[in-house]
Amino acid sequence: MKRCDAMVDVGRRKFLAGAGIAAASVAAASVPVSAAKAGPGPARVDYPSSRLANINDLKVNEPVSVNYPDSDGPGVLLKLGKRVPAGVGPDGDIVGFSTTCPHKGFPLSYNKSDRTLNCPGHYSRFDCEAGGLQVWGQATQNLPQYALRVDAKGDIFAEGIDELLYGRLSNVL
Amino acid sequence: MAYKRQIDRLPIVPKEAKRHNVVCHYCIVGCGYHAYSWPTNKQGGTAPDQNAFGADLSKQQPAETANWYAPSMYNIVKQNGEDVHIVIKPDKDCVVNSGLGSVRGARIAEMSYSRQRNTQLQRLTDPMVWRYGQMQPTSWDDALDLVARVTVGVINEMGEDGLFVSAFDHGGAGGGYENTWGTGKLYFGAMKVKNIRIHNRPAYNSEVHATRDMGIGELNNCYEDAELADTIVAVGTNALETQTNYFLNHWIPNLRGTSVDKKKAEFGSEPVEQGRIIVVDPRRTVTVNACEVEAGKDRVMHLAINSGTDLALFNAWLTYIADKGWVDRALIAASTKDFDKAVAGNKTSLEEAARITGLTADQIRQSAEWIAQPKAGGARRRTMFAYEKGLIWGNDNYRTNGALVNVALATGNIGRPGGGCVRMGGHQEGYSRPDYPGPRPAFYVDKLLIGGKGGVHHIWGCDHYKTTLNAFKFKQAYKKRTDLVKDAMLTVPYGDRNAMVNAIMGAIKKGGLFAVDVDIVPTKIGEACHVWLPAATSGEANLTSMNGERRMRLTERYMDPPGQAIPDCLVAARIANHMERVLREQGNAKEADKFKGFDWKTEEDAFMDGYHGHEKGGEFVTYERLRAMGTNGFQEPAVDFKDGKIVGTKRLFADGKFNSKDGKATFMETKWRGLEAPGKEAEMKKWPYLINNGRTNVVWQNAYLDQDNEFVMDRFPYPFIQMNPQDAAELKLKEGDLVEVYNDNGSTQAIVYPTATAKRKQTFMLFANPNGVQGNVVSPGVNELIIPNYKQTWGGIRKLADAPEGVKHLSFKSQDYAV
């Protein structure tokens, strides 16, 4: 959990370092907004905290389909059986990823034998054990991974995403 | 942890955004893009009437949508001095890519110079000169005066042979018709420079002399032919990684069987079906895997030949096909010469070829059937032949090229739908120059430079330290010679121009070399140079090029060049202006007059002088007309301008008339002669590992821009060397370990990528990387026309260190798509 928070924090700082996006990222409006109405919008979108599963629902190397941050955002939860980047839970081995290919939006499928997510559209593949690193492919970003939190009851919550999701110009619509 | 941008939303392109035509400036395919730009204090909205796409962006967009862009497609850049948002996204209506973006092209925006978002700050912004022991900024006039005085001084002492030049000859970034003409007019018009080489080879020559000598220009078909062919023959081309969207958008539909309707529409009652492919490559590439995934293993034949033995295979194909009578007799009779001579001279049995190539006779026979056995009802099989660096940079380039064209020509596959015999290409093309005034074979420029020849070296968008053969020894000699001049420059005050020029000329007389580097970024060879001149790149200036099917487009200027950078053509013009001035000052009016005609103010002036004024069909082509033709442009050569459109040429040689005086193509005798380049046979016998080499998907060319891109450098901070896991185990190597690759030519480094599909003792190393130059271990051996042989390199491998920190988070899993 600590690791997870740290990652988000690092991300926020990194984000703010890139000017421009922050300046332009307040909710879209084409009509002129009067000075009185302009307020300090948050630098990042507010992510919902969504319960995806309980750790008891997960078996090693058995993918569980989930949706996050909403029903149009397909994803997967995985228990990998070894400690991995951004992994949570008692073994640091639970991770979650978007399963929409960040290249052209095709649905990824999980290859159990080498624990990669593979795209049938243009053959890109992402390593679930390496933070969604694109092993090979056409996407210009690594696979969006969920910031996960596990509570005392073992419920797994998604509370953020580290890359832009395909097909939306704001991760939360 | 893999690199993540932590960007969770992007500004929306407003309806009012400007839109410019863009062609990707990286590979030959030239995918169409559009650059949208708008003021920084404005943004679009999610409602359909609030954004440029007319789409409801409050909803998730579907796969393949045109209404989305990745963070890599966004930036903030300067346009006419003002900051603007920019989105550069693939164009769905471009027939080349139909909206696909490759992992390279989809980063055009992110790879642009932005002081606002800290991207590509490595770009050169000012002319720089060696002053007080380091490179320091100066004005154009100061830098050009120094360049002109030293260049004129050297020519006065040594003649024009004292001026050495290295120059791009291609299109896209660091090239294009404007800039090849600018440099060409300077060196081949105003001067007659013979000691000149091209960006990736040590002489001024064609990579595909043979096909041209046979009368068959190498870009003779259209991309649609890959959708129409019964069989595609891919030789030494890993198209999925190196011509990505040509492969995905035009080869894959044929291999999937989804272009069958197109075939029916084109060929009427002729039998057609899902395509087949023959891949000739010693290595099992991701291309082979993708072909098998789509077409099924029974429609894909991977001929994993012994490295460098392609020629024997092609001769066996010709022999077998001629024996069977599967040739186009009418075409051979009407439009060609020397068929019988070539068949007799190249006679190679299946068994003989099997022995040389390591294939079985059955594989060779079956592949010949796939190429030429008539279809049901006797219809001629339509076969497209495509080749690239595996052949071009391989053993016996000239004959091997000729041997493949022999097969294509004999089977009637030149100038016909579903055919063609084409190089796949590296960069786009964009060549417009007066003729090279030197001999054939051209001079081996690297060898002359190593041998102490020449006094001044002008370098245009080349980095020999990364992209030449024998690079290890080249660097040693080059550094020594340029250091002599650097040290001499330190002995006089910079502001005393006469003293400075005298000091430089004195060092040159002692074997020194004065080096001028025109580029967009600081390069490795630039570290040895005395002057850097900053060039603008694609999109910072208007630029025209053509792709692998001769499709010419204009990339419009959509942003400002960094600082004082200007297009190469104008750099060339200003060098000419200054040389003219210096010569007049010296009282040499006759020489000075040769430098007239460089009064261009814009890149369009260079275009009109060059392409428009000199190229075949150029009279029909202007910037205004190209702008109107958008990202689809037209296919060269232009033959007319009608109804507001430039009319082009879909396929060359469709009328059976070839590029020769009598219009006939000539078959070539191409006897097998083993490993042809001097020293290669001995190298193979001496060293245990084949050091095959080439590109990888994510990196463009020698990484000149990628070296400053977090996404790419996170993936491959060092070049990789793929090797069989058992070889790695024998050498006690783990994935990510840093190894030295070495032989008698030199040494270099790479990280180990164990790869199950790699054959024993056959490695593959990423080429031209700034952090490990594969060319260091490539021998100086060239063919009779000074074409290098990069591919057939053998060496030893030993461990240097465990995986460095920047490598520990990486994935070394198979690159092959698998479900």
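Where in chain A is A:Lys104 found? Select A:Lys104: the residue sits in the loop between strand 4 (94–98) and strand 5 (109–111) of chain A. Keep in mind throughout that this is a predicted model.

**Stop 1: around A:Lys104**

Is A:Lys104 buried or exposed? A:Lys104 is buried, with a relative accessible area of 9%. Now show the residues in contact with A:Lys104, leaving aside neighbours within four places in sequence. From chain A, they are A:His122 and A:Tyr166. From chain B come B:Ala63, B:Glu64, B:Thr65, B:Gly99 and B:Leu100.

**Stop 2: the interface of chains A and B**

Colour the two chains separately. On the chain A side, 68 residues are in contact with 69 residues of chain B. The two chains bury about 5,700 Å² between them, and 55% of that is on carbon and sulfur atoms. Select A:Tyr123, A:Thr140 and A:Leu169. These three supply 16% of the area that chain A buries against chain B, more than any other three residues.

How many salt bridges does the rule find across the interface of chain A and chain B? There are 5. To see a salt bridge, select A:Asp127 and B:Lys813. Their side chains meet at 2.6 Å, N to O.

**Stop 3: a hairpin in chain A**

Select strand 7 (residues 125–127) and strand 8 (residues 133–136) of chain A. The two run antiparallel and are joined by 3 bridges. For one pairing, pick A:Arg125, whose bridge partner in strand 8 of chain A is A:Trp136. Then move to the turn of the hairpin. It has 5 residues between the strands, and A:Gly131 takes a positive phi near 65° there.

**Stop 4: cysteines**

How many disulfides does the structure hold over all chains? The count is 0. Start with A:Cys101. The closest cysteine sulfur is in A:Cys119, 3.9 Å away, which is too far for a bond. A:Cys101 is buried, at a relative accessible area of 1%.

Go to chain B and select B:Cys94. Its sulfur lies 6.9 Å from the closest cysteine sulfur, that of B:Cys31, so this pair is also too far apart for a bond. B:Cys94 is buried as well, with a relative accessible area of 1%. The cut-off behind this reasoning is that a disulfide needs the two sulfur atoms within 2.5 Å.

**Stop 5**

Strand 19 (residues 551–555) pairs with strand 20 of chain B over 2 bridges. Pick B:Arg551 to find its bridge partner in strand 20, B:Gln635.

**Stop 5: backbone exceptions**

Most residues other than glycine have a negative phi, and most peptide bonds are trans.

- Select A:Tyr68 and A:Pro69. A cis peptide bond joins them, with omega about 0°. A:Pro69 is in the loop between strand 2 (64–67) and strand 3 (74–79) of chain A.
- Select B:Arg440 and B:Pro441. The peptide bond between them is cis, with omega near -5°. B:Pro441 is in the loop between strand 14 (421–423) and helix 16 (445–450) of chain B.
- Select A:Arg115. Its phi is positive, about 55°, although it is not a glycine. A:Arg115 is in the loop between strand 5 and strand 6 (116–118) of chain A, and is buried, with a relative accessible area of 17%.
- Select B:Phe653. Its phi is positive, about 65°, and it is not a glycine. B:Phe653 is in the loop between strand 22 (645–647) and strand 23 (665–666) of chain B, and is buried at 9% relative accessible area.

Definitions and conventions
Residues are numbered from 1 along each chain as its sequence is written. Chains are lettered from A and ligands numbered from 1 in the order in which they are written. This is a predicted model: local features need pLDDT of at least 70, side-chain atom pairs count only at pLDDT 80 or more; totals for chains, interfaces and linings use all residues. Side-chain values use heavy atoms; hydrogens and water are left out. Buried means under 20% relative accessible area, exposed over 50%, partly exposed in between (1.4 Å probe, protein chains only). Two strands pair if DSSP finds at least two bridges between them. Helices (H or I, at least four residues) and strands (E, at least two) are DSSP runs, numbered from the N terminus. Contact means heavy atoms within 4.5 Å. Buried area is the accessible area (1.4 Å probe) that two parts lose on being put together, summed over both. A salt bridge is a side-chain nitrogen of Lys or Arg within 4 Å of a carboxyl oxygen of Asp or Glu.
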